[in-house]
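Visitor: Can you walk me through this one? I'd like to start with helix packing and then go to charged pairs.
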Amino acid sequence: IVLDYDDLLFSLDGRDVIPEYNRYKCDTIKANEAIRKILPDIDRVLVSTGYLAFAFGHEFPEAIGKIHVLPNFAFTSLAFDLPRPKRKRPLVLYPGAANHFKEGYCGDIRDPWYSSLQGLVEDKVIDLHAFGEAPGPLPKGTVLHGYVSASMWLPVLSRMAPDIIIAPLAPNPFNKAKSPLKALEAALVGAAFVGSAFNDSPYNGFIKPGYEVKESDADWQVMDVFRELCDRKTREDAAEFTASQVVNRGLVAETKPATDHFLKCVFGRFLEIM
């Protein structure tokens, strides 16, 4: 019996650490009570990141030894190699779900992200697009697209062919437990990747040095990153760096190391990998 532990059930020291700006908070305490009841019958617990494995082991020390990290993989066979349209300025995509934000909260797009993106849109340096059901704290001028189901996401992403994908994250435990999914998506569609860098950020190492965004950065420093990425060759170099990191970390699904890791995590002692 395998338990898949999701980040929406995430807690540390018995406390819910899902940020207040996330609309989909669940009753973590009750969820953990249910997990504790069934844990003796569980053979293995699957989590997507090392930080989430740490959190689960901290919450349920009796499960240590059963916890296995099964990362998200990039299925390169699903990627579409479509021609990137010629544009006056780069199309910058925030693929995060804007509908996660509650009114009155800034969410993950906080300074220096918010003010720098706002300035770039106003100065017509970039075109900014996002997905979700509600505007949330998005810079004025953002083109907001509707909700897209998971099964349709990659075709939509490929048709948009964004030049740059961004992944703003606030440095909190909930975000530290996330997987580098947006970096994988950027690699699949050949987009440059710009994300938040802090201790235990899931995107550390996937962002080409010089294009990380830190909370200590000034607005002009972040704006300079995007102005540099207006050059096509610079974007291609940044995209190649992210793609190489995905490959080097064994995150391409259609490879034997990834397949072996998946089978071992799910089936463990019940399967011998040849």
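This is a predicted model: local features need pLDDT of at least 70, side-chain atom pairs count only at pLDDT 80 or more; totals for chains, interfaces and linings use all residues.

Visitor: Fine. How do H6 and H8 sit relative to each other?

Guide: Helix H6 covers residues 181-189 and helix H8 covers residues 232-248; their axes come within 9 Å and cross at roughly 115°. The two helices are therefore roughly perpendicular to each other.

Visitor: Left-handed or right-handed crossing?

Guide: Left-handed, as H6 passes H8.

Visitor: Which residues meet there?

Guide: From H6, Ala183, Leu184 and Ala187; from H8, Thr242, Ala243 and Val246. By class, that contact has five nonpolar residues, one polar and no charged ones.

Visitor: What about Gln245, where is that?

Guide: Gln245 is in helix H8.

Visitor: Buried or exposed?

Guide: Gln245 has 17% relative accessibility, and the limit for buried is under 20%, so Gln245 counts as buried.

Visitor: What does Gln245 touch?

Guide: Leaving out residues up to four places away in sequence, Gln245 touches Gly205 and Phe206.

Visitor: Switching to charges. How many salt bridges are in the whole structure?

Guide: A search of the whole structure gives ten. As background, side chains of opposite charge can pair when their charged atoms come close.

Visitor: OK. What about pairs within a helix?

Guide: Asp260 and Lys256 are one case, with their side chains in a salt bridge at 2.5 Å, N to O. They are four residues apart in helix H9 (residues 256-267), so about one helical turn separates them. Lys256 is partly exposed, with a relative accessible area of 47%.

Visitor: Which residues do shared partners join into a network?

Guide: Salt bridges with shared partners join Arg87, Asp163 and Arg235 into one network.

Visitor: How far apart are Asp224 and Arg227 in the helix?

Guide: Three residues apart in helix H7 (residues 219-228), so they are separated by about one helical turn. Asp224 is partly exposed, with a relative accessible area of 33%, and Arg227 also counts as partly exposed, at 38% relative accessibility.

Visitor: Last topic: where is Ser216 found?

Guide: Ser216 is in the loop between strand S10 (192-195) and H7.

Visitor: Buried or exposed?

Guide: Exposed: the relative accessible area of Ser216 is 65%, and the limit for exposed is over 50%.

Visitor: And what separates the C-alpha atoms of Ser216 and Asp111?

Guide: A distance of 9.1 Å, with the two residues 105 apart along the chain.

Notes: Residues are numbered from 1 along each chain as its sequence is written. Side-chain values use heavy atoms; hydrogens and water are left out. Axes are lines fitted to C-alpha atoms, for helices over the stretch in contact, and angles run from 0 to 180 degrees between N-to-C directions. Angles under 35 degrees count as roughly parallel, over 145 as roughly antiparallel, 65 to 115 as roughly perpendicular and the rest as oblique. A crossing is left-handed if the near helix is turned anticlockwise from the far one by less than a right angle, and right-handed if clockwise. Contact means heavy atoms within 4.5 Å. Ala, Val, Leu, Ile, Met, Phe, Trp, Tyr, Cys and Pro count as nonpolar, Asp, Glu, Lys and Arg as charged, and the others, Gly among them, as polar. Buried means under 20% relative accessible area, exposed over 50%, partly exposed in between (1.4 Å probe, protein chains only). A salt bridge is a side-chain nitrogen of Lys or Arg within 4 Å of a carboxyl oxygen of Asp or Glu.
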